[in-house]
Amino acid sequence: MTVRAPRNCPEEDPGSGLSRMETLLQCTGPATRSVVLMRRAGERLGLERTVIDELISPQEIVVFRLPCKILGRVILFWGVMVLHSNARGPYKGGIRLAADVDVWETAELARLMTLKTAATDIGFGGGKTGIRVDMAEMYRTFGRTARDRDFEKIITLDVVEYFASAYRDMFSKHIYIPAPDLSTGPDEMAFIYNETGDPASVTGKPEGTHGWLPGRRESTGYGCAFAALQVLERVLHRDVQGSRIAIQGFGNVGQPLATYLSDCGARIVGVTDAFGGTYSEDGLDIPSLVGHAARTGTVAGFGETPLTQEALLQLDVDVLIPAAVGHVIHKGNAGKIRARAVVEAANMPTTMDAMAILEQRGIAVIPDILANAGGVIASMEEYSHSLSARKVAPEEVFQMIRSRIGENLDLAMNLSSELGITLTEAAIQLAVERVYQVMVRRRYI
Ligand code: NAD
């Protein structure tokens, strides 16, 4: 069995006698955005280096090979489950299916979940699963050419079902409570529930399922919209009516986000997804765009004016909201961004280099650990209501999202002005301090 080396891991050295797995064990994790910012936060808090290392390091990394029987053929997928911290509660984090999943990126995303649950003061820890599913390769493997969303659904459901079967005990015992992420949604979460038979073992379950939460599906987008409204009002001192917004990504997060902002009177002038984009100076008709995306699987082809990814990032808008994938705002394009503020709806859409450039240019950034925490806040509600069978009104969930994001944004804004640090650094410092305190109380350190 061979292990494909993750990014930042040295290639196998044939002369060393080490397998790729051993090479992986010996390599050091990269100095990613959260590693650097957690270290800085720990130093500001006066923590010892070894303690900071403990806060940064995942508690467990499981690299697995998942054999799945799909449409009569056995396909093997690589996956990685990173259990970063359970100091403040069970490991919590989504399942991502993507072609470029790697160990260190998954570790970074798991660490981000620990920071997110701590920054919003939720009784969960942080974890993440990534499974390398390359849809283009699947089309080639099965000899298909035309895009077929039913075919893609078969693949994602099968992969998640096999994954749920392999790790059922972990979910049933509430050691790790998964949720949706890139390319997974309520349908896939239903398969995990089917496997465990326990409604509290997974969040993001579909409507009507025992323990589902009205409002959960829209929760991340709703929280991002709330964060955008906060930045318009409190940072840009701009009325939402007629404000200009650009959104990258039109999936679980992007669609409700665009809908709420547009309902509040904002003009969503540009939207892109993996297949293309669309622009309207007067603001896109979001309900029609949602309908178009449901019919065609993309925002491309909607309206009169197509929009490229690069053009979207450079639009003259009040708020730019990356809601697709990570690292889209980087050293190469941060200088060209014309938005007054960035709301990080995706996880880590801004690289460290880009963060410094945006800060220098006076562009406010609402960090992912606050901006996109709506989903995990709703997951907290879903988890706690899972066994009660009482139906919760979506407004209760949205109220909880507003209060958790709002209160912790206040704390981060105050800390940011008190210490003269960015909002991102301040939010991370709040989170690090909360995790550290519980680790001490539980004698983890
Ligand atoms: P999704 O798969 O439902 O949608 C992703 C969207 O991004 C799609 O419109 C897709 O076409 C587009 N996209 C993919 N690659 C792209 C690219 N290279 N350029 C432009 N667009 C691209 O995913 P989602 O659940 O909406 O998640 C989006 C982001 O939000 C991810 O970074 C995810 O980690 C983060 N996030 C999601 C949740 C959640 O509850 N779903 C919670 C917190 C954070």
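This is a predicted model: local features need pLDDT of at least 70, side-chain atom pairs count only at pLDDT 80 or more; totals for chains, interfaces and linings use all residues.
User: What makes up the area buried between domain 1 and domain 2?

Analyst: That area is about 1,500 Å². Carbon and sulfur atoms give 63% of it.

User: How many salt bridges does the rule find across the interface of domain 1 and domain 2?

Analyst: The count is 0. To qualify, a side-chain nitrogen of Lys or Arg must lie within 4 Å of a carboxyl oxygen of Asp or Glu. Polar contacts are another matter: the rule finds 5 residue pairs across this interface.

User: Why is Phe 77 called buried?

Analyst: Buried means under 20% relative accessible area. Phe 77 has 2% relative accessibility, so Phe 77 counts as buried. Phe 77 sits in strand S2 (residues 73–85).

User: What does Phe 77 touch, leaving aside residues up to four places away in sequence?

Analyst: Its contacts include Phe 64, Leu 66, Ile 131, Val 133, Met 138 and Val 159. Leu 66 is 11 residues from Phe 77 along the chain, and their C-alpha atoms are separated by 5.1 Å.

User: Which residues of helix H11 are buried?

Analyst: Helix H11 covers residues 286–296, and its buried residues are Ile 286, Leu 289, His 292 and Ala 293.

User: How do you know that they line one face of the helix?

Analyst: Look down the axis of H11. The buried residues fall within an arc of 115°, so they line one face. An α-helix has 3.6 residues a turn, so residues three or four places apart point the same way.

User: What is exposed on the other side of H11?

Analyst: Pro 287, Ala 294 and Arg 295 are exposed there. Exposed means over 50% relative accessible area.

User: What do the buried residues of H11 pack against?

Analyst: They pack against two kinds of element. The helices are H6 (149–166) and H10 (254–263). The strands are S7 (267–273) and S8 (276–279).

User: Which residue follows H11, and what is its phi?

Analyst: Gly 297 follows H11. Its phi is positive, near 85°.

Conventions:
Residues are numbered from 1 along each chain as its sequence is written. Side-chain values use heavy atoms; hydrogens and water are left out. Buried means under 20% relative accessible area, exposed over 50%, partly exposed in between (1.4 Å probe, protein chains only). Helices (H or I, at least four residues) and strands (E, at least two) are DSSP runs, numbered from the N terminus. The arc is that of the directions from the helix axis to the C-beta atoms. Contact means heavy atoms within 4.5 Å. Buried area is the accessible area (1.4 Å probe) that two parts lose on being put together, summed over both. A polar contact is a pair of N or O atoms within 3.5 Å; within protein, one must be able to donate a hydrogen and the other to accept it, and residues adjacent in sequence count only if both atoms are side-chain atoms.
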